[in-house]
Amino acid sequence: MSKASAAANVTAHYDAVVIGSGPAGEGAAMMLAKRHQRVAIVEAYPRLGGGCTHWGTIPSKALRHSVSRLIEYNASPLFMRSEMPVQLTFSEILKHAEGVIRKQVSLRSSFYVRNGVTVIHGRARFQDSNHLAVARPDGSTDLIYAKNFVIATGSRPYRPKSVDFTHPRIYDSDTVLSLKHEPRSILIVGAGVIGCEYASIFRGLGVKVDLINNRERLLSFLDTEISDALSYHLRNSGVVIRHGEEFKSIEGRDDGVVLTTASGKRMFSDCLLFANGRSGNIENLNIEAVGLTANYRGQLEVDANYRTEIDNIYAVGDIIGYPSLASAAYDQGRIAATSVLDGSCDSKLISDIPTGIYTIPEISSVGATEEQLTAENIPYEVGRAQFKHLARAQIADSHVGCLKLIFHRETLEILGIHCFGERASEIIHIGQAIMEQKGEGNTVNYFINTTFNYPTMAEAYRVAALNGVNRLAPR
């Protein structure tokens, strides 16, 4: 369709249209609206929130929370009234996740109403660089015009063609949320963040778990000490971890699933979760019509301001790949919106983005690992605080875990923080705030000289800082 013929059929005009209502799309739409732009957001799913709200971050973390509380209840001497532990099924704990999702959708929907953003439900498809066709659920199609577009369509689980995902016992990380039967055993293919999180969840429910990892250790981007701690606690809970294994074939049967590895192993379980990578949601956008090309993972290339090769089209969130975090995606959307209006944006993502991994126990880290600093010949020292030594952890019966501070031996600058244990993703932000300071404000001395509430988990910073400084050789 030519631009002239498209213009004749336009049903609405906007300054900007955002495609996708996940964190990245929401961040862009809100910033544009607050700068007095006429904005529409197009969402293919009947409810707002994107994959983050409906299949990813929110439901998996709600599931994790419920299972973690179940484990805590069964282990606590306060509630041990009989020898039989309380048991919950996957379907039962899903009810809590569904309640959280409803609250999130309601909250997020109110943002668009309050800021005057038009919400259009339907599937978007580019006609040219200024026109977008939106196929509505009722079969009608709207043709809308916009000066600028922001693509924030997110990602979905990677599905190799050799795996039959239509089989009722074979799931990916989206469809596992619709799991109906109660498995006694599960095979999880892929030991990345999602695979490790679901291994914790299912094992916490008493399901036998085999975790298939094609690498030599879990989550190799983590500090090795933290990765080893996760491996130990997963194994200690009963998870069987199989490192260095590639799947050769996956066969779904009426009574379960058979997985054959490249090394010749055959494993059987009630069901299988495939959690090995993600792909960008790009296929249905017809980006060829505007001259864009995605890579093999369905991701778009962008510049520092999140502008694609086409001047008036931007892309943010999972559709551009790293870091593929909901927290970062929201910031990317805001930065892209500012670039749309001002040509560029001085604000950028912070260099040290915290990582939160919601295993049981959970993990969070920010900054450099020991391995990175050793490879770069940077002199460092390490201070540790074991949670089992903290009064607050003893009160809460949360003995598992530690806080690890890595700092420069000479300047005492904080270089990395790694936390393993309950509430790690909350605890990490205290250290992150200090890392972001400049000069004298970013040293372990801050934690030594600051008075913390007692008893608190935050006290771990003082303990770790003293432990590390005491290791320094006298000058």
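Axes here are lines fitted to C-alpha atoms, for helices over the stretch in contact, and angles run from 0 to 180 degrees between N-to-C directions. The model is predicted.

**Helices H4 and H6**

Helix H4 (residues 57-75) and helix H6 (residues 193-204) have axes that come within 9 Å and cross at roughly 40°. Angles under 35 degrees count as roughly parallel and 65 to 115 as roughly perpendicular; H4 and H6 are therefore oblique to each other. Their crossing is left-handed. On the H4 side the contact is made by Ser-60, Lys-61, Leu-63, Arg-64, Val-67, Leu-70 and Ile-71, and on the H6 side by Glu-197, Tyr-198, Ser-200, Ile-201 and Gly-204. These contact residues of H4 and H6 divide into six nonpolar, three polar and three charged.

**The five-stranded sheet**

An open sheet is formed by five strands with antiparallel pairing, in the order E18-E19-E22-E21-E20. Strands E18 and E20 stand at the edges with a single partner strand each, so one side of each is left without a neighbour in the sheet. On average, neighbouring strands of this sheet are turned by 10° against each other, direction ignored.

| Strand | Residues |
|---|---|
| E18 | 355-357 |
| E19 | 363-367 |
| E20 | 380-386 |
| E21 | 401-408 |
| E22 | 414-421 |

E18 and E19 run antiparallel and are joined by three bridges. Ile-357 stands opposite Ile-363 in E19. Helix H13 (residues 459-469) packs on the sheet, where H13 touches E20, E21 and E22. The direction of H13 makes about 140° with that of E20.

Conventions: Residues numbered from 1 in each chain as written. Predicted model: local features only at pLDDT ≥ 70, side-chain atom pairs only at ≥ 80, totals over all residues. Heavy atoms only, no water. Pairing = 2+ DSSP bridges. Helix = DSSP H or I, 4+ residues; strand = E, 2+ residues; numbered from the N terminus. Contact = heavy atoms within 4.5 Å. Parallel < 35°, antiparallel > 145°, perpendicular 65-115°, else oblique. Left-handed = near helix turned anticlockwise from the far one by under 90°. Nonpolar A, V, L, I, M, F, W, Y, C, P; charged D, E, K, R; others polar.
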